[in-house]
Amino acid sequence: MSRLQTILIVFAALCAGSTMFLGLTAEGYGISTVPLLQAFTGAVLLLAAICYGWSYLFMFNRLVAGALVGGVSLFGAYGLIQTVGEVAPGPGFWAATLAAWALGWLCVEILASIETRNNVLNFLLRLLIPVAFGAWLLIIWELCTRGFNVPQVLLPSPSAIGDRFTQSTATLWVDFKQTFLKAVLIGYALGCGSGFLVALLIDRSPFLKRGLLPIGNLVSALPIVGVAPIMVMWFGFDWPSKAAVVVIMTFFPMLVNTVSGLAASTAIQGDLMKTYAAGYWQMLFKMRLPEALPFIFNALKINSTLALIGAIVAEFFGTPIIGMGFRISTEVGRMNVDMVWAEIAVAAIAGSLFYGLITLLERLCTFWHPSYRN
Amino acid sequence: MLSGVPYETRMHTTATPQDSTSVIRTNNLSLTFETNDGPVHALANIDLEVGAGDFVSFIGPSGCGKTTLLRVIADLEQPTDGSITVNGVTPEEARLTRAYGYVFQAAALYPWRTIARNVALPLEIMGLSRRERNERVRRNLELVNLAGFEKKYPWALSGGMQQRASIARALAVEPDLLLMDEPFGALDEIVRDHLNEQLLKLWEKTKKTVVFVTHSIPEAVFLSTHIVVMSPRPGRIFDVIESDLPRDRTLDIRETPEFLAIAHRVREGLREGHSYEDTV
Amino acid sequence: MATGNDLRLIDRVWPVVAVVLAIIVFWYLAAVYLNTPFQRDTYERAKVENVSFVTHVKDTLAQKRPVLPAPHQVVSEIYDTTVKKKITSKRSLIFHSWITLSTALLGFVMGTLLGIVLAISIINNRALDKSLMPWIIASQTIPILAIAPMIIVVLNSIGIQGLLPKAFISTYLSFFPVAVGMVKGLRSPETSHTDLMRTYNASSWQTLWKLRMPSAMPFLFTSMKVAIAIAMVGAIVGELPTGAVAGLGARLLAGSYYGQTIQIWSALVMASILAAALVAIVSLVNRLVLRRMGMLA
């Protein structure tokens, strides 16, 4: 056991132990979930006892140890969430929360220390560790907002957001269609596509390359979202104006990246193609485009987040009565913060999936690149 | 058959300018690079003749123009003066008809293509049919002892195997002339010895003409029928040594007095050409 | 052979100048073309006929609320609102620029510090690396700019006002490139260098200060260039939901309410100048620091 792991288990045990002396709830013990929490306390102390002196816990493999610790931690979280739903929590409740949280951390620590050559296990761990981390973030959020009675307007609890989400799927879907499926995807495709084509064109002229590249680099650093009001004036309130903003935002990163990608081929590879008497197009398709792929994917990834931002911000400047940006700004005005968070959740899920999809595609297309080989 | 400037007398008297066995012929060839620090005479007054089936090595210190000369033959550089023919035509025409295969110091295999598809690359560019491509890939990978590695990616192979694949790629064009620019320079000596032996066998089997750039004396002497000693500033041919070693050689030949005598002559040539003086 | 660095200055500047000139010419042509329909309507309403081509072009480039203002209109608007107005005036563009600039800078500083701290924790702890790194990347797929209005409103309601709420948005955007770049940079020393530190029995803090930090400097500055540009975006968007009170974002919003296109464009140009200047300053500091450290010839 590392020092940090020892500290965590001792801390968890101290917190769990202290719940025996501190009141679990403000009203004392007279509620139904108390046995749950008492069982949790017992489990923590048992775990700590196993670890004490000699690491019996690690006599099993680390996977079992991690699962054991994580299980107890989640069991505690379950009891705590049940409790916080019934009564106002007391100091013992928070001590138990700390104990459960320390175990959650310990679980991540143990899982992260596992080294294995098993590919499937590696993949699962890579997935499981951040998920465990995220789950604990949500649990703490839930316990704090409800335990401290944070006003709904300030920060709703995850369960409240989840309720709102399931109740208003119809509205969310309409907004998603308007903002993501129309403005973002169409603008993204047009912006990336035209950036790529223009890069191919100016690549043939050194003069244009030297003239446009510094400007492209400069424009990439400018706050282009600012053109949103202009685009709304030019293209109207509906999705085309948002798509236009997305096109402008995504064009320059793609241009700059593709041009540097096309320049990435080494001299020796160019000479090789020359000895084969290869033509321009053969060189382009067989050598330069594959070589440029990592750069192009870099732009596609940067652009995937830019596109979502552009479309939503453009909706602040005028929109028909649907769309994610529109919904967020009006619901904030009405203090329906849970609805805002539901929209944010949609945006986050859509954004992550979009990004994840491009990353997956990148891995498939550039499996040969040093950063992906194994 | 081959000659360098100071050794005019070495030329076989039977040779005529239109000799059909002459693969490469240069006449007073010069190449000057214009740089910010003034002109650099990379090659000066090169007269050279390479006959069919010869194995010719260029040896000399860095800056003597041996790689530049090879690149001129391959039409990767253009001479500023003099003339050169490859297979009786200009280097450009030779390149456009894919008259030679070129092996670089680095294997320069594409990481996104398997070994087989890397070897097939020049064949795709030449527009050969799939069947013809597959047949040539199979044949040439066998020739360099890489059968069974078709589906591997180059980064999964060792440096020596990568270089062998790049030789197979050059051979797949089925040229009569093979130009090799320090192909084994980046490999360790044990692998290099092994590949040298394999290369000799290959040369015997295929009867190709090989022009080979190196800075290793044993390598040059072991491989070549003719050794061209070059010296720097300006890059020129200092000596041409014809080897009388038998064509059928093994690594053991390197301990024989004949081998050592030739190696000694090469070293002497390099010394007289000021190759061992401090250079920038 | 000529590479990018060997080119003479004139060879590098001339293409850029040519392209900029081409853009300006194109801009004027577009302005005439886009403003023509409105100009025709105006003539018709005023019953003016037989307008000469020159007058027509002149009029299209001098409208009060053009579809596309001509470059000289934007320049004169910027001149009017910077030089001719008092700095304290609400109509001064300098006043608004300063607000946006200070927000962006505050957010940038907080974001950079946060990014560095995160990167150091990540390279020192395997568990954090595996659990936090995916979330740092995921955090950027959440369109924070969409949440901006809520953050502003919520923070206002608990009494945090002024620059800070807007600066948080800039922080959120700018910590990301710094964190990712620094993780890469702190891991950039070669194995031989880290092995050398091991032979000295150096502690992880000593390795950090004497080896990892110096190696990460080029990465830090590259990230900071991205971070300061994006902090500027955050500051502008953060100003939108405050109801067009102050700042360049507010000028954009107010301009779009009242159809004041010239005002929008001048705010946009001003924001671009600021962003470009900030990036240039970071690049300059980058060169100075790296030269001082002997990492730049």
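1. The contact between chains A and C draws on 48 residues of chain A and 44 residues of chain C. The model under review is a predicted one, and the points below should be read on that basis.

2. On the side of chain A that touches chain C, two or more residues are given by each of α4 (91–112), α5 (119–147), α8 (206–220), α9 (228–235), α12 (280–315), α13 (324–333) and α14 (337–365) of chain A. Of these, α14(A) makes the largest contribution, with 8 residues. The class composition of this side of chain A is 37 nonpolar, 9 polar and 2 charged residues.

3. For α5(A) and helix α5 (residues 126–139) of chain C, the axes come within 8 Å and cross at roughly 75°. An angle from 65 to 115 degrees counts as roughly perpendicular, and α5(A) and α5(C) are therefore roughly perpendicular to each other.

4. Which residues make the contact of α5(A) with α5(C)? From α5(A) they are A:Ile129, A:Pro130, A:Ala132, A:Phe133 and A:Gly134; from α5(C) they are C:Lys130, C:Ser131, C:Leu132, C:Pro134 and C:Trp135. By class, the contact of α5(A) with α5(C) comprises 7 nonpolar, 2 polar and 1 charged residues.

5. Chain C itself contains 11 helices and 0 strands. Read from the N terminus, its elements follow the order α-α-α-α-α-α-α-α-α-α-α. The radius of gyration of chain C is 25 Å, well over the 19 Å that the globule rule gives for 297 residues, so chain C is more spread out than a compact globule. The C-alpha trace of chain C spans about 90 × 65 × 35 Å along its principal axes.

6. Two further values describe the interior of chain C. Of its 297 residues, 39% count as buried. Among the contacts in chain C with a separation of 6 or more, 75% are accounted for by residues 24 or more positions apart.

7. The contact between chains B and A takes 17 residues from chain B and 14 residues from chain A. On the side of chain B that touches chain A, α2 (91–96) and α3 (115–126) of chain B each supply at least two residues. The largest share, 3 residues, comes from α3(B). By class, this side of chain B has 15 nonpolar, no polar and 2 charged residues.

8. For chain A, the domain assignment gives domain 1 (3–150) and domain 2 (166–365). The C-alpha centres of domain 1 of chain A and domain 2 of chain A are 42 Å apart.

9. A helix pair within chain A may be set beside the pair in point 3. Helix α7 (residues 169–203) of chain A packs with α13(A) at an angle of about 125°, with their axes 8 Å apart. That angle makes α7(A) oblique to α13(A). In this pair, A:Asp175, A:Phe176 and A:Thr179 of α7(A) meet A:Met324, A:Gly325 and A:Arg327 of α13(A). The residues of the contact of α7(A) with α13(A) comprise 2 nonpolar, 2 polar and 2 charged.

Key: Residues numbered from 1 in each chain as written. Chains lettered and ligands numbered in written order. Predicted model: local features only at pLDDT ≥ 70, side-chain atom pairs only at ≥ 80, totals over all residues. Helix = DSSP H or I, 4+ residues; strand = E, 2+ residues; numbered from the N terminus. Rg over C-alpha atoms; globule rule 2.2 N^0.38 Å. Buried ≥ 20, exposed ≤ 12 C-beta atoms within 10 Å, placed from the backbone. Contact = placed C-beta atoms within 7 Å. Nonpolar A, V, L, I, M, F, W, Y, C, P; charged D, E, K, R; others polar. Axes fitted to C-alpha atoms, helices over the stretch in contact; angles between N-to-C directions. Parallel < 35°, antiparallel > 145°, perpendicular 65-115°, else oblique. Domains from an automatic or database assignment.
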